[in-house]
Amino acid sequence: RSSDLTARQFDEEMPLEFEIAPGRRIGGDNPCFVIAEIGQNHQGDIEIAKRMIKLVKEAGADCAKFQKSELEHKFNKAALARPYLTPNSWGKTYGEHKQHLEFSHEQYRELKAYAEKEVGIFFAASGMDQAAADFLLDDLRIPFLKVGSGDTNNLPYLEHVAKKGSPLVISSGMQSLETMRQVYQTVKPLNSNFALLQCTSAYPLEPKDVHLRVISTYRKEFPDVPVGYSGHESGTAITLAAVALGAKIVERHVTLDKTWKGSDHAASLSMDELADLIRDIRVVEEALGSPLKAMRSCEMLTHNKLGKSVVAACTIAAGAVLSIDMLAVKVAEPKGVAPERIYELIGKKTKKAIEGDATVLEEDVEL
């Protein structure tokens, strides 16, 4: 009693669809695009990075994503020289720490080739500064660029990457709705293939700080843009709720060991959790179904067994004018007039006599 076409017509604000990677579209009725954010959880070891790429593919992710910085472009000299003596440090200064975690251009080429040719998964990265974005888009030619929350309000950066024409996925941590309107107004005239992700930049993220309702706000505010969710919380329940609210992209950090050195590990999913999340996302997508309410074919067995009909509350003579006290509602054999139509019978004449407790059929009444 329902149709996919009718469901599509019902949803007048269906988001724009676009190809985020070769052969893979997002938005509309397309499956949620799952980004496994490896980030810098590889500990600066390319073999760990490769292992993670393989494992996120096995878990069902659509994309393995990293973070690329050109440190002298992202940080000023004083920031790089700052002492960094914490349990998470890989060097005496912040610059030494970041350099340890940074793969070279050649290593990025190796990782992309491994992901695409050997593993069979899309490879992407966040461009953490303009020079990094140029390398990723012009040299490495990744299918889409992730704009991290730290650059979302960097309007010259947004203009620069939007003009390159590749799809953009833009997180919105630390931003206001007014800033996100500016982001939309900046990017949209230059590049219509972009998505916006609700995000709260805290690691790990507490449920009270997630604010999933922003997904609904974005869908109303930007109806022609696919909306998604980038999460840093523990567990998978909140991300599943994001999909139920309409997220067409989800991004979650992943790790091989939550106890490893680095601030992102504690806010990351294990590979088993990632696999569970993706499996459950596909279940939720199937369960979302149509926005139209109708009796479904799967309900017919129950309806035939337990569905009620109008019956005669007493013996009714032929030619009698029906009143409500003459009628009742019961599970009856055979099925007759549906209970929601009982008031249509009032004041109508019967064509024949109806025994008490018998089903009232349409052909028994002058309707």
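In this predicted model, helix α8 runs over residues 155–162 and has Tyr 157, Leu 158, Val 161 and Ala 162 buried. Because these four residues cover an arc of only 125° around the axis, they are on the same side of α8. The spacing follows from helix geometry: an α-helix has 3.6 residues a turn, so residues three or four places apart point the same way.

What do the buried residues of α8 pack against? Their partners are the strands β5 (122–127), β6 (145–147) and β7 (168–171), together with the helices α7 (130–140) and α9 (177–187).

Two of these partners lead on to single residues. Strand β7 holds Ser 171. Is Ser 171 buried or exposed? Its relative accessibility is 1%, and buried means under 20%, so Ser 171 counts as buried. Beyond its neighbours within four places in sequence, Ser 171 is in contact with Lys 146, Val 147, Gly 148, Ser 149 and Thr 152, and also with Leu 197, Cys 199, Ser 230 and Glu 251. Among these contacts, Lys 146 and Val 147 fall within β6 (145–147), while Leu 197 and Cys 199 fall within β8 (194–199).

The loop between α9 and β8 is the place of Pro 189. With a relative accessibility of 64%, where exposed means over 50%, Pro 189 counts as exposed. The C-alpha atom of Pro 189 is separated by 19 Å from that of Gly 27, a residue 162 places away along the chain.

Now to the chain as a whole. Its secondary structure comes to 14 helices and 12 strands. The radius of gyration is 29 Å, well over the 21 Å that the globule rule gives for 367 residues, so the chain is more spread out than a compact globule. Along the principal axes, the C-alpha trace spans about 100 × 40 × 40 Å.

Of the 367 residues in the chain, 47% are buried. Where contacts join residues at least 6 apart in sequence, 64% of them link residues at least 24 apart.

The surface comes last. The chain exposes about 17,800 Å², and carbon and sulfur atoms supply 51% of that area. There are 45 positive and 52 negative side chains, and the centres of the two sets lie 1 Å apart.

Definitions and conventions. Residues are numbered from 1 along each chain as its sequence is written. This is a predicted model: local features need pLDDT of at least 70, side-chain atom pairs count only at pLDDT 80 or more; totals for chains, interfaces and linings use all residues. Side-chain values use heavy atoms; hydrogens and water are left out. Helices (H or I, at least four residues) and strands (E, at least two) are DSSP runs, numbered from the N terminus. The radius of gyration is taken over C-alpha atoms; the globule rule is 2.2 Å times the number of residues to the power 0.38. Buried means under 20% relative accessible area, exposed over 50%, partly exposed in between (1.4 Å probe, protein chains only). Contact means heavy atoms within 4.5 Å. Accessible areas come from the Shrake-Rupley method with a 1.4 Å probe; for residues, only the protein chains shown count as cover. Lys and Arg count as positive and Asp and Glu as negative; His and the chain ends are not counted. The place of a charge is taken as NZ of Lys, CZ of Arg, CG of Asp or CD of Glu. The arc is that of the directions from the helix axis to the C-beta atoms.
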